[in-house]
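Dear colleague,

Please find below the structure that I am handing over to you.

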Amino acid sequence: MKLTILGNWGPYPKAGGACSGYLFEEKDIKILLDCGNGTFSRLQQVLPSLNDLTGILLTHLHSDHMSDVMVMRYALGIGRMKGYIDKAVPLYAPGSPNEDFQKLQYENAFELHTIHSDLVLRVGDLKITFMKMNHPIETYGVAIENERKKFVFSGDTRYCSQILKLAEDADLFLCEAGVLERDKGSTTPHLSAQEVGYIGTVCNVKKLLLTHYWPEYDLQEIFQEAKKEYGGELILSEEMKSYEA
């Protein structure tokens with residue numbers, strides 16, 4: 001399992017950066033996880049053809065996780081009309097907010113499907129499952145597994161029992177660390193770096209990859225806060241770098 005970081009900032013990027021977007025690869029399967037602003041251009045740098053894209057999974061419909069889909073749909077829709085895109089790309093996303101879900105389509109660029117907690121996808125030898133997280137809009141964490149490895153992506157969430165269940169025994173856990181503990185309030189809809197480190201420990205995560213950074217933070221402060229709680233392999237994700245489960 002290989003994961004390439006297309007963007008890792010939120011809810012807006014640093015200069016020259018991009019928001020959440022990740023290319024997951026296993027053999028010939030290529031799945032785009034989220035598609036925040038700036039990520040479509042970067043996707044084209046690592047994917048020879050959009051025809052190679054197996055599918056897209058959007059954890060939720062906040063702009064920093066899906067806004068570039070609104071541009072990608074032109075490339076795919078026009079490509080289909082002109083005959084150089086072979087087929088509609090399967091896209092899975094929460095069905096709410098409904099008005100945002102309905103806006104995703106353009107000229108049959110996508111084969112649209114809604115995500116729900118009972119959904120199980122089988123793609124090659126991969127099993128993909130979803131778990132609803134705790135966020136202001138409908139949001140899902142994602143687990144992708146085969147007989148050997150388990151990859152988990154938190155999406156955006158407050159600390160909740162669901163994230164503990166989803167992350168259990170992950171070989172690679174890509175987790176948002178959107179806030180430092182000192183800035184976290186009772187209504188903050190994100191995990192602190194401290195909470196992420198704790199989750200990594202109690203869930204027996206083998207490799208913990210941090211993402212969704214607030215652009216005004218010192219990244220080393222995020223790393224050190226998580227490291228106090230987690231003694232395993234801890235990595236600050238870097239844009240356009242790839243990591244193996």
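The largest nonpolar core has 31 residues, and F173, V205, L208, L210 and I222 touch the most other members. A nonpolar core is a set of buried Ala, Val, Leu, Ile, Met, Phe, Trp, Tyr and Cys residues joined through side-chain atoms within 4.5 Å; buried means under 20% relative accessible area, exposed over 50%, and partly exposed in between (1.4 Å probe, protein chains only). At least two residues of this core come from each of α5 (161–167), β11 (172–176), α6 (193–202), β12 (207–211), α7 (219–227) and β13 (233–236). These helices (H or I, at least four residues) and strands (E, at least two) are DSSP runs, numbered from the N terminus. Leaving aside residues up to four places away in sequence, I222 is in contact (heavy atoms within 4.5 Å) with A177, L180, A193, L210, Y213, Y217 and L236. There is also a second, separate core of 26 residues, which includes I29, L57, L126 and I235.

Please note that this is a predicted model, in which local features need pLDDT of at least 70 and side-chain atom pairs count only at pLDDT 80 or more, while totals for chains, interfaces and linings use all residues. Residues are numbered from 1 along each chain as its sequence is written, and side-chain values use heavy atoms, with hydrogens and water left out.

The next topic is the cysteines. A disulfide is a covalent bond between the sulfur atoms of two cysteines; here it is taken as a pair of cysteine sulfur atoms within 2.5 Å. The count by this rule is zero disulfides. For C35, the closest cysteine sulfur is that of C19, and at 11 Å it is too far for a bond. For C203, the closest is in C175, at 9.5 Å, which is again too far for a bond. Both C35, at 0% relative accessibility, and C203, at 3% relative accessible area, are buried.

Finally, the whole structure contains six aromatic pairs, that is, rings of Phe, Tyr and Trp (its six-membered ring) with centres within 6.5 Å; planes under 30 degrees apart count as stacked, over 60 as edge-to-face and the rest as tilted. The rings of Y12 and W214 are edge-to-face, because their centres are 5.3 Å apart and their planes stand at 75°. This pair links distant parts of the chain, 202 residues apart: Y12 lies in the loop between β1 (2–7) and β2 (21–26), and W214 in the loop between β12 and α7. Y12 is partly exposed at 32% relative accessible area, and W214 is partly exposed at 31%.

Yours sincerely
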